[in-house]
Amino acid sequence: MLKLIPKEPAAISTKDLCSKLKEFGYSVTKRTVERDVNSMVEAGFPLVVDDSEQPHLWSWSKQSNGFHAPRMNISDALLTVMAADTLIDLLPNVVSESLMSLKIEAEHTLNAAQSSNQLVSWREKVAIKSPTQQLIPPKVDDAVKTICYEALLHDEQIKMKYLNIKSDTPAEYTINPLGMVQRGWMTYFVVTFSGHQDLRLIALNRIKKAERTFVPIVKPKGFSLAKYVEDGFADFGHGQTINFRAEISPMLHKYLLESKLSEEQSFEHVEGKIILNAKVAMTPQFAWWLKTWGDDIKIKSDH
C-alpha cells in the first residue's frame with residue numbers, strides 16, 4: 001500500500017487506494033485503508049493527509065524518500081546521519097536531497113532506540129576538528145551552487161560572474177569545471193578558463209552569478225583531480241616538489257615518527273643532531289607548517 005502513495009504535491013484518495021489494492025488482489029474497505037494509513041502516521045512515517053477533501057487525500061511529504069519505508073537498523077541509521085553531516089555539501093542536489101530524506105528517517109530510528117541501544121549515543125562521542133584556526137564558512141548562493149554542481153556532474157561549461165578577492169566588481173568568464181576541492185570551511189572548483197590551458201582554483205562563494213551553457217567542457221589531456229591534489233596545487237602550490245633537508249629537535253623527531261611529513265621521509269643522526277630528509281610539495285601550506293615549529297626546525301637545503 002505504501003508504494004501506491006505518491007510524493008507531494010501529488011496525492012491519492014482513499015477510494016483510489018482501495019481500487020488499486022483490489023487490482024493487486026487485496027479486498028479491503030475504505031475504513032480499513034484509512035485506519036492502516038493513520039497507524040503508519042502515528043508510527044512516524046512521513047505521510048501527509050489532506051482532510052479538506054472527501055475522501056481524504058494521502059501523500060508522502062516532500063522531505064521523505066517516497067515509498068522507501070523507514071526500516072533501517074541502528075547501524076544503518078547511525079551511518080546515514082553521520083554521512084549526511086559530513087558529506088552533504090560535497091554531493092549534487094539529486095543525491096543530497098535523497099540523503100536528507102534518509103537522514104530524517106534515520107533520526108526517527110535513532111530516537112526510537114535511544115534508551116535501548118548504545119550505538120545511538122556514538123555520534124555524541126566523536127567530533128571532527130580542523131587543526132587550523134576555524135573561521136565561519138562564507139555564504140554560497142544556493143542557485144549558484146546548484147548550477148555549478150550540475151555543470152560539474154554533466155561535464156558542462158559554466159558562464160559566470162566572479163568577484164576576485166582583489167577586486168570590487170565581478171568579471172564575466174566562461175569556465176571548464178574539472179573538479180571540486182573542500183579545504184576546511186572553503187569549497188573550491190578546479191577549472192580552466194575558456195581559451196586557456198592553465199589550471200586555476202576558484203572559490204565557490206565568490207561566484208556571484210552562474211549560468212549553465214550545456215556546452216561540453218574542454219578537459220586538459222591527462223588531467224586527474226587526485227594527482228592535482230597530490231602535487232600540492234590544492235594547497236596553492238605550483239606543482240614544485242623539493243628535496244627538503246633540515247635539522248630538527250628531538251620533539252619534532254618523535255612527532256614525525258608518528259605522523260610522516262612524506263612517504264619518502266628519512267632521518268640521519270650526525271654528531272648528536274637529527275637531520276630530516278623528505279620529498280615534499282613546495283606550497284604555502286608547507287611554509288606555514290614550517291613557521292609553526294619555529295626553533296624546532298633549521299633548514300639545511302630545499303632543492
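This is a predicted model: local features need pLDDT of at least 70, side-chain atom pairs count only at pLDDT 80 or more; totals for chains, interfaces and linings use all residues.

Modeller: Start with one definition: a residue is buried when its relative accessible area is under 20%, exposed when the value is over 50%, and partly exposed in between. By that rule, the buried residues of helix 7 are Leu-252, His-253 and Leu-256.

Colleague: What makes these buried residues line one face of helix 7?

Modeller: Looking down the axis of helix 7, the buried residues fall within an arc of 105 degrees, so they line one face. Pro-250, Met-251, Lys-254, Leu-257 and Glu-258 are exposed on the other side of helix 7.

Colleague: Why is Thr-146 called partly exposed?

Modeller: The relative accessibility of Thr-146 is 28%, so Thr-146 counts as partly exposed. The cut-offs are under 20% for buried and over 50% for exposed. Thr-146 sits in helix 5 (residues 142-153). From Thr-146 to Asn-205 there are 59 residues in sequence and 12 Å in space, C-alpha to C-alpha.

Colleague: Why is Phe-214 called exposed?

Modeller: Phe-214 has a relative accessible area of 57%, so Phe-214 is exposed; the cut-off is over 50%. Phe-214 belongs to strand 8 (residues 207-216). Its phi is near 65 degrees, which is a positive value in a residue other than glycine.

Colleague: And what is Phe-236 called, at 37% relative accessibility?

Modeller: Phe-236 counts as partly exposed because its relative accessibility is 37%, and that class runs between the cut-offs of 20% and 50%. Phe-236 lies in the loop between helix 6 (225-230) and strand 9 (241-248). Phe-236 also has a positive phi, about 65 degrees, although it is not a glycine.

Colleague: Why are strand 1 and strand 2 said to stand at the edges?

Modeller: The open sheet has 3 strands in the order 1-3-2, with antiparallel pairing. Strand 1 (12-13) and strand 2 (47-50) each have a single partner strand, so one side of each is left without a neighbour in the sheet.

Colleague: How do you know that strand 1 and strand 3 pair?

Modeller: A pair needs at least two bridges. Strand 1 and strand 3 (residues 57-60) have 2 bridges, in the antiparallel sense. In strand 3, Leu-57 is the bridge partner of Ser-13.

Colleague: What residues make up the lining of the largest pocket, by class?

Modeller: The lining of the largest pocket has 13 nonpolar, 6 polar and 6 charged residues. The pocket has a volume of about 760 Å³. Of its 25 lining residues, Asp-85, Thr-86, Asp-89, Gln-182 and Gly-184 lie nearest the centre. Helix 3 (74-87), helix 5 and strand 6 (186-193) are the elements that give two or more residues to this lining.

Colleague: Which helix gives the largest share of the lining of the second largest pocket?

Modeller: Helix 8 does, with 5 residues. The second largest pocket has a volume of about 540 Å³. Its lining has 20 residues, and the closest to its centre are Pro-131, Thr-132, Arg-183, Gln-285 and Trp-288. By class, this lining holds 11 nonpolar, 6 polar and 3 charged residues.

Key. Residues are numbered from 1 along each chain as its sequence is written. Side-chain values use heavy atoms; hydrogens and water are left out. Helices (H or I, at least four residues) and strands (E, at least two) are DSSP runs, numbered from the N terminus. Buried means under 20% relative accessible area, exposed over 50%, partly exposed in between (1.4 Å probe, protein chains only). On a 1 Å grid over the protein atoms alone, a cavity is a set of points where a 1.4 Å probe fits but cannot get out, and a pocket is an open set with protein on both sides within 12 Å along at least five of seven lines; lining residues have an atom within 4 Å of a point. Grid points are joined across faces, edges and corners, and a volume is the space filled by probe spheres set on the points. Ala, Val, Leu, Ile, Met, Phe, Trp, Tyr, Cys and Pro count as nonpolar, Asp, Glu, Lys and Arg as charged, and the others, Gly among them, as polar. The arc is that of the directions from the helix axis to the C-beta atoms.
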